[in-house]
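Dear colleague,

Please find the structure below.

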Amino acid sequence: MSPPSSGRRWRSRSSWKARTRPPAVAGRVSTRDSRSSRSTSSGTRPPSRRSSSIRTRSARRRPRARLAEAPAWRRDHRLRSPDRGNPTGVMTDTKTPEATTTASTPTGRVPTVPPLPGSNVVAIARLADHVGEEVTLRGWLYNKRSSGKLHFLEVRDGSGVVQAVVFKGDVSPELFAQADRLQQETSLEVIGTVKEHGKIKGQYEVGVKDVKVLGAPAREYPISPKEHGTDFLMDNRHLWLRSKRQHAIMRVRHSIIKAVRDFFDLNDFTLIDAPIFTPNACEGTSNLFQTDYHGDPAYLTQSGQLYMEAAAAAFGKVYCFGPTFRAEKSKTRRHLAEFWMVEPEVAFMKLEEDMVLAEHFLSYIVQRVLETRQNELKILERDTKMLENVQAPFPRITYHQAIEILQQNGHPEAKVGDDFGGDEETVISNKFDRPVIVHRYPMNLKAFYFARDANDPSLALNMDVLAPEGYGEIVGGGQREEDLARLEGAITEHNLPREAFEWYLDLRRYGTFPHAGFGLGIERTVSWICGLPHVRETIPFPRMLNRLAP
RNA sequence: UCCAGCGAAGCCGAAUGGUCAGGCAGCCGGCUGUUAACCGGUCAUCUCGGAGGUUCGAUUCCUCCCGCUGGAGCCA
């Protein structure tokens, strides 16, 4: 059930390296570099205790202070502005002020809404800042254990889980008896003193003084702390989200999305949202969900790309991030009917730079998650070794080389012209120790808008990034056809309704320009980074072939 | 659409052509340090997904249907 892990290292290491090292990127970041830079931030105090003015000042000062101690590759990047010499404007510096402040604390920042006067409600994630103090927790009973004169109440409040210890000698007999009767998922207010855990160093617990039941369950909570079947859990998705594992996944998802936005912000992209209702299929391949739009058919978008091409002509470097929909009857561990996609598009960018952008983008996301979500990855029992390898540059192979790899590895029937299924993608990606870029597929396998390779017009200037460990394609993109006549020809060849694409053809009529971009599926990325066997747990409320509820 | 597997109490789940083991949760009790706690006790007519068939007898074998799961095609 779990995806196959790759113990193999990629073979032709030197060959791809020599051929494909991008001109603007100094070299790969070693694990040691990233670890040492991580340690600079992890020792800082949580931001809650700092005043905002200090925080601003230190954030402003930090880049310069770091510059002196930064390794050479990083200094290099600092000095190179996006407008000079770096074609994509991609910066690999992983330390943003946000990244620094969130590194050591899950909740991250100073609350913008001040607590009510006199209230001492504390988030469980912040208990370490309140050792010795009497605090109030508000949350739900996650689990309960007892031992004679002690009850151990595991309380969760969304920020974390803590053990609240009710000692018979500390509370009234009534309260002690009541604590014994508390049911799972009762909502509570717990008042007690924060102290170090009786057995585990570095953890904290609360010595209970009082417990108030805010809401007792009307019936038995269906999800007991034991195994359950997938279907049952999916039927109870609204409750399942409360469990530790789901909590960890959603936190990682959150961090991935934040890293996506930070990456594009840092590299001067503008967020341009694409519409969700569209009048026509933009790729003309997949099945779309049709809706009624005041009497006319409309479809739920399957990609924002065509709109991003228009936006790139207006803003240069753009991206969109939103839900996309596919009505395919796919029932696999990699498919959802509704999923979230990130799609950057850059004016005057060509395929080679597109690959550089994609590999730096992915590296940034993975390294940010490693910095900020170690606890969550531990809960998910994710082996992070393979993730630490995710550093640009990635190996690159052509579609033809990929076919050769397949032929030599148990797929002798593979031939030029075939597309890759999940199985084939796994065979290819298992040859490498990090994501691999496969480029220049046959044109007839690809959507109409791809540019052709000038050296071989049968090939598309496209690229897919295959994630390691059997997770398959997570990025797909490439360079777009910029020539009006050729694009018109492609629309005709694909039997697409010409009228619907007039606006799109306008982009070639009025100052056409080379441009490229890609799409990244968020759920597949979350699934890969978390090491999950199925994408259904990576989105809060999945929409799948046979599931529209809850 | 096709292929394969599965369908038993709130949940997980063994066995079986002759009437559902065990466990979790629940309930009662025990234990000053437990951490998917543990120990003892207790509980459930669940027509063993539905319909039909074979049989003296089916949860168990066969057929169809429904549902679920994984996969193929398609895709991120």
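In these notes, Ala, Val, Leu, Ile, Met, Phe, Trp, Tyr, Cys and Pro count as nonpolar, Asp, Glu, Lys and Arg as charged, and the others, Gly among them, as polar. This is a predicted model, in which local features need pLDDT of at least 70 and side-chain atom pairs count only at pLDDT 80 or more, while totals for chains, interfaces and linings use all residues. Residues are numbered from 1 along each chain as its sequence is written, chains are lettered from A and ligands numbered from 1 in the order in which they are written, and side-chain values use heavy atoms, with hydrogens and water left out.

RNA strand B is surrounded by 46 residues, where a residue is near the strand if one of its heavy atoms lies within 4 Å of it. The closest are Ser146, Lys199, His228, Leu336 and Arg524. Of the atoms of RNA strand B that come within 4 Å of the protein, 51% belong to sugar and phosphate. By class, this surface has 19 charged, 16 polar and 11 nonpolar residues.

- Asn143 is 2.5 Å from a phosphate oxygen of RNA strand B.
- Glu205 is 2.6 Å from a base nitrogen of RNA strand B.
- Arg326 is 2.8 Å from a sugar or linking oxygen of RNA strand B.

Yours sincerely

How values were computed: Polar contact = N/O pair within 3.5 Å; in protein donor to acceptor, adjacent residues only side chain to side chain.
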